[in-house]
Amino acid sequence: MFIAAVWGIAAAGLLWSFFKSREKTRAALRFFRRSFLSLAPSVLAIIWAIGFILTFVPSDLVLRSIGREAGWLGVILAAAFGSIVLIPAFIAFPLAASFLKQGADIRAIAAFVTTLVMVGVLTAPLEMKYFGRRFTLWRNSLSFVAALIIALVMGAVLR
Amino acid sequence: MKIKAVPLILLVLAAATALVSLGRPDKALSVLSVSREYLLEMLTILPPILMLCGLFDAWVSKSTVERIMGAASGARGTLVALLLGTAAMGPLYAAFPIGKSLIDKGASLYNVAVFLCVWASIKIPMILFEVKFLGAPFALLRLGLTVPAILILSGVMKQFGTRSVCHEAK
């Protein structure tokens, strides 16, 4: 149902674009092909890695490190991991889903996904170049705190 | 993830799978069947979402974002920052130069902070992706909490004087 809706919206958009402007539609299709081809290898790699994780990483290891009994330490661990790694959300969502299936705490997953997109330790030097040290430190540390609060609320609501 | 690292990782994964299949064929089979399941799931959602990204990219140009945001101000500017951050595509660091030129053109730091955070965290295609893998309650609740969080943290940044930022950055 959801999948069908997404395909329908994409098809309708493409059709609309085609009648509005052939040129822009061509550009959109070029973007599609380029991003699909550049994403495909890393998508394949992460999916293969998920196969290994689900087969070999024992659920109790996941439970111990980011499971419910890991408590706040697990949430902070997941948030820190999300702040450091630079992976596209396209790839991170299935990975997060596989950890959830293994028994990870929903708060840890929420914290990971939120810091992944909003906090960038690796991109901080670049951000400082554009906006200065103060702006960068404030934005990233406040985003980190916000991620923990969001995780706490989500844990309370979705549990 | 660097582009050149990916083929290497794939090679390592292939070798590891081959090795595992020698010792424990059942485990190797499990790796491949789990991967196949995720691959099929990915293929049902990735193409239409990338198509939507392509349409966004073709129809919403970066200069349009810049023009409207630079001219906007106040609550309307914030709203525009919110909406445009969701429409444009690309990683966070792609937004840095745009944010910088917005500051140069006189957009408020508050709006630029909102713009950066929204650009990073709220993407319509990404939300669809999140719904697919983590479920609608998870995705929508996270979205509903992220928007006020961004507005609050940008407000805090405005309070605690990031005014000197422009001088510092130059």
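I started at A:Phe93. Leaving out residues up to four places away in sequence, A:Phe93 touches A:Val113 and, across in the other chain, B:Met126, B:Phe129, B:Glu130, B:Phe133 and B:Leu134. Contact here means heavy atoms within 4.5 Å.

Ground rules before going on. This is a predicted model, where local features need pLDDT of at least 70 and side-chain atom pairs count only at pLDDT 80 or more, while totals for chains, interfaces and linings use all residues. Residues are numbered from 1 along each chain as its sequence is written, chains are lettered from A and ligands numbered from 1 in the order in which they are written, and side-chain values use heavy atoms, with hydrogens and water left out.

**Cores**

I looked up the largest nonpolar core next. A nonpolar core is a set of buried Ala, Val, Leu, Ile, Met, Phe, Trp, Tyr and Cys residues joined through side-chain atoms within 4.5 Å. Buried means under 20% relative accessible area, exposed over 50%, and partly exposed in between (1.4 Å probe, protein chains only). The largest core has 86 residues, and A:Phe90, A:Phe93, B:Ile49, B:Phe129, B:Phe133 and B:Leu134 touch the most other members. Helix α2 of chain B (residues 25-59) gives the largest share of this core, 12 residues. Helices (H or I, at least four residues) and strands (E, at least two) are DSSP runs, numbered from the N terminus. I also found a second, separate core of nine residues, including A:Trp48, B:Val6, B:Leu10 and B:Ala28. In soluble globular proteins, nonpolar side chains tend to be buried together.

**Helix α7 of chain B**

How many residues of helix α7 of chain B are buried? I get 10 of the 11 in residues 124-134, so this helix is largely enclosed by the rest of the structure. Among the buried ones are B:Glu130 and B:Lys132. The buried residues of α7(B) pack against α1 (2-20), α5 (89-101) and α6 (106-118) of chain A, and against α2 and α8 (136-159) of chain B. B:Gly135 follows α7(B), with a positive phi near 95°.

**Chain B overall**

I counted nine helices and zero strands in chain B. Of its 170 residues, 51% count as buried. Among chain B contacts with a separation of 6 or more, 74% are between residues 24 or more positions apart. Chain B exposes about 8,100 Å², and carbon and sulfur atoms supply 69% of it. Accessible areas come from the Shrake-Rupley method with a 1.4 Å probe; for residues, only the protein chains shown count as cover.

**Interface**

I then checked the contact between the chains. Chain A puts in 73 residues and chain B 75. The area buried between them is about 7,000 Å², with 84% from carbon and sulfur atoms. Buried area is the accessible area (1.4 Å probe) that two parts lose on being put together, summed over both. On the chain A side, A:Trp48, A:Phe90 and A:Phe131 lose the most area to chain B, together 11% of what that side buries.

**Salt bridges**

How many salt bridges cross the interface of chain A and chain B? I found zero. The rule wants a side-chain nitrogen of Lys or Arg within 4 Å of a carboxyl oxygen of Asp or Glu. Over all chains the count is five.

- A:Arg107 pairs with A:Asp105 at 2.9 Å between the closest N and O atoms, and both residues are buried.
- A:Glu127 pairs with A:Arg139 at 2.6 Å between the closest N and O atoms; A:Glu127 and A:Arg139 are buried.
- B:Arg24 pairs with B:Asp26 at 3.2 Å, N to O. B:Arg24 counts as partly exposed because its relative accessibility is 45%, and B:Asp26 does so at 46%.

**Helix α7 of chain A**

A:Thr136 lies in this helix. Its relative accessibility is 1%, so A:Thr136 counts as buried. Leaving aside neighbours within four places in sequence, A:Thr136 is in contact with A:Ala124, A:Glu127 and A:Met128.

A:Val153 is in helix α7 of chain A too. Its relative accessible area is 31%, so A:Val153 is partly exposed. A:Val153 belongs to a nonpolar surface patch of about 580 Å², made with A:Trp72, A:Ile76, A:Val145, A:Ile149, A:Leu152 and A:Val157. Patches are made of residues with over 30% relative accessible area and no salt bridge: like charges are joined within 9 Å, nonpolar side chains (Val, Leu, Ile, Met, Phe, Trp, Tyr) within 5 Å. In chain A, α4 (71-84) and α7 (124-158) each supply at least two residues of the patch. α7(A) gives the most, with five.
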